[in-house]
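Welcome, and thanks for taking a look at this one with me. Please open the structure below, and we will walk through it together.

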Amino acid sequence: MTWLSLNWPHVIDLARAHLLLSVPAILLSVVIAVPVGRLAYRHPRVGGPLLGAASLLYAIPALPLLIVIPALLGTPLRSATTMIVALTVYGVALLVRTAADAFTAVDDHTRGAAVAVGHSPLAVFWQVDLPLAFPVLLSGVRVVTVSTIGLVTIGALIGVSSLGTLLTDGFQRSIPAEVTTGVIATVLLALLLDGLLLLTGRVAAPWTRAARPARGTAVTA
Amino acid sequence: MNLIAEALAWLAEPANWSGPGGIPARTGQHLAITALTILLAGLIAWPAGVLIGHTRRGAGIVGALTGAARAIPTLGLLTLFGLGLGIGLTAPLLALIVLAIPSLLAGTYAGIQAIDPAIPAAARAIGMSPAQVILTVEVPLAMPVIIGGLRSATLQVVATATLAAYTADIGLGRYLFAGLKSRDYTEMLGGALVVVALTLVLEVALAICQSVARRIVDPASRTQRTPA
């Protein structure tokens, strides 16, 4: 506690750096994985190998991936770009399968009905597939968010600042309080973003919650 | 691309393939600590998972445990144990065991939980003891999912064992940290490629084990259905 009371501005700075690395990676993962997941659902012959490749990608340990990316892309090793690319790779690998499952779970009759009343394929995607797949997609995004926040700490080993810096710095200078602060701050940040996503889900897709208490509360609404 | 060529040259260098710091020795260490971790974590997680799955009680604890474990940064656990227990094998080993337990536990419990309750009930009805029900009915039927848990635990441990070289002198991670310290990108990249290759081999091998187990469990259910 003493350590934190003396160093909290530093912790806040690092938490901001942590968010600046993880939030773009999470957004990129969603933007890439949702269309790819839908492709995998629509064309199982492409989708099978695609999902297999995704699970292989996810198997690659984080630190080696951080070292291989600069050699492949020419980005500097100690850079936010390398970090965000690596985090996006994991995010996409994790989310593609959930996205494919989410679209598979949408009832074909609903889709057929939408086509029958004259929706274009694009409208079917935006107005039928995406809203109905949303709850499952969101649960996938929450898993990606929590794991991304944890993974960012690995970047501290190659010198990219984040809350992980508290772990490496605390270890090198033998300050257990600093390491503990790093662990707790990372977990809290993960829980915070997870909670925000949960709230976003309730606001953006109220029907997923309305399904349960509808009977009792319908009168006042 | 030039960097990759240099790393491949590093990999082809005979000097890197011999002695206590050579690639075979480091790979051996890496696999040994992974196997030891899985074994020790399994001694705790497998019986606990079987018990939770068999009694169908305590599922909430498993859910909370695996959820919390996902949020804890692995590097944090390694450095905390490293600070508490000093440089040596004990600290990373304990940290790795803590990290491996949730996956093993979740796989075992989920596998047994997913079995149709009528099957163990039938086994009891023909006079099997609880131990027989567990060992000859539930565990074999849950095997594909148990191996699935083993698969994710193994990958997690191999990856984290790479980081363990930060606090102790073990495994393939040494190449990465030695390279980082001396700014020798070739050594780092060479070491990274070895770790990636090792992980992919393990992932594919365990995936094959899992599908073989599934095929052994599945024909049984198919032959049950067809005679009718």
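Predicted model: local features only at pLDDT ≥ 70, side-chain atom pairs only at ≥ 80, totals over all residues.

Let us start with the overall make-up. Chain A holds 10 helices and 0 strands, and its elements, read from the N terminus, run α-α-α-α-α-α-α-α-α-α. Chain B comes to 9 helices and 0 strands, with the order α-α-α-α-α-α-α-α-α from its N terminus on. The C-alpha trace of chain A spans about 65 × 50 × 20 Å along its principal axes; for the trace of chain B the spans are about 65 × 40 × 30 Å.

How much of each chain is buried? In chain A, 47% of the 221 residues count as buried. In chain B, 47% of the 228 residues do.

The contacts can also be sorted by how far apart the partners sit in sequence. In chain A, 72% of the contacts with a separation of 6 or more are between residues 24 or more positions apart. In chain B, among contacts between residues at least 6 apart, 75% join residues at least 24 apart.

An unreviewed UniProt entry gives the annotation "domain: ABC transmembrane type-1" for residues 15-197 of chain A. For chain B, the annotation "domain: ABC transmembrane type-1", again from an unreviewed UniProt entry, covers residues 27-206. UniProt also lists, under "transmembrane region" in an unreviewed entry, residues 20-41, 53-73, 79-100, 148-167 and 179-199 of chain A.

| Span | Helix | Strand | Distance between end C-alpha atoms |
|---|---|---|---|
| Residues 15-197 of chain A | 84% helix | 0% strand | 18 Å |
| Residues 27-206 of chain B | 84% helix | 0% strand | 18 Å |
| Residues 53-73 of chain A | 90% helix | 0% strand | 20 Å |
| Residues 79-100 of chain A | 95% helix | 0% strand | 32 Å |

**Nonpolar cores**

Which residues have the most contacts inside the largest nonpolar core? They are A:Leu63, A:Ile67 and A:Leu157, in a core of 62 residues. The element that gives the most to this core is helix 5 (residues 90-113) of chain B, with 9 residues. Another core, of 14 residues, lies apart from it, and includes A:Trp3, A:Val146, A:Leu189 and B:Ala71.

Leaving aside neighbours within four places in sequence, A:Leu157 touches A:Leu63 and A:Thr168 in chain A. Across in chain B, the contacts of A:Leu157 are B:Leu75, B:Leu163, B:Tyr166, B:Phe177 and B:Leu180.

**A helix pair in chain A**

Helix 1 (residues 2-42) and helix 2 (residues 44-59) of chain A pack at an angle of about 125°, and their axes are 5 Å apart. Because of that angle, helix 1 of chain A counts as oblique to helix 2 of chain A. From helix 1 of chain A, the residues that meet the partner are A:Val36, A:Leu39, A:Ala40, A:Tyr41 and A:Arg42, and those they meet in helix 2 of chain A are A:Pro44, A:Gly47, A:Leu50 and A:Leu51.

A:Thr98 sits in helix 4 (residues 80-104) of chain A. What does the side chain of A:Thr98 reach? Beyond neighbours within four places in sequence, A:Thr98 is in contact with A:Val136 and A:Gly140.

Two backbone angles are worth checking too. A:Ser174 is not a glycine, yet its phi is positive, at about 55°. This serine, A:Ser174, is found in the loop between helix 7 (164-172) and helix 8 (176-204) of chain A. B:Arg183, also a residue other than glycine, has a positive phi near 55°. B:Arg183 lies in the loop between helix 8 (173-181) and helix 9 (185-225) of chain B.

Is B:Arg183 buried or exposed? B:Arg183 has a relative accessible area of 65%, so it counts as exposed.

Conventions
Residues numbered from 1 in each chain as written. Chains lettered and ligands numbered in written order. Heavy atoms only, no water. Core = buried A, V, L, I, M, F, W, Y, C linked by side-chain atoms within 4.5 Å. Buried < 20%, exposed > 50% of the residue type's maximum accessible area, 1.4 Å probe, protein only. Helix = DSSP H or I, 4+ residues; strand = E, 2+ residues; numbered from the N terminus. Contact = heavy atoms within 4.5 Å. UniProt positions renumbered as here; feature names shortened; annotations may be inferred. Axes fitted to C-alpha atoms, helices over the stretch in contact; angles between N-to-C directions. Parallel < 35°, antiparallel > 145°, perpendicular 65-115°, else oblique.
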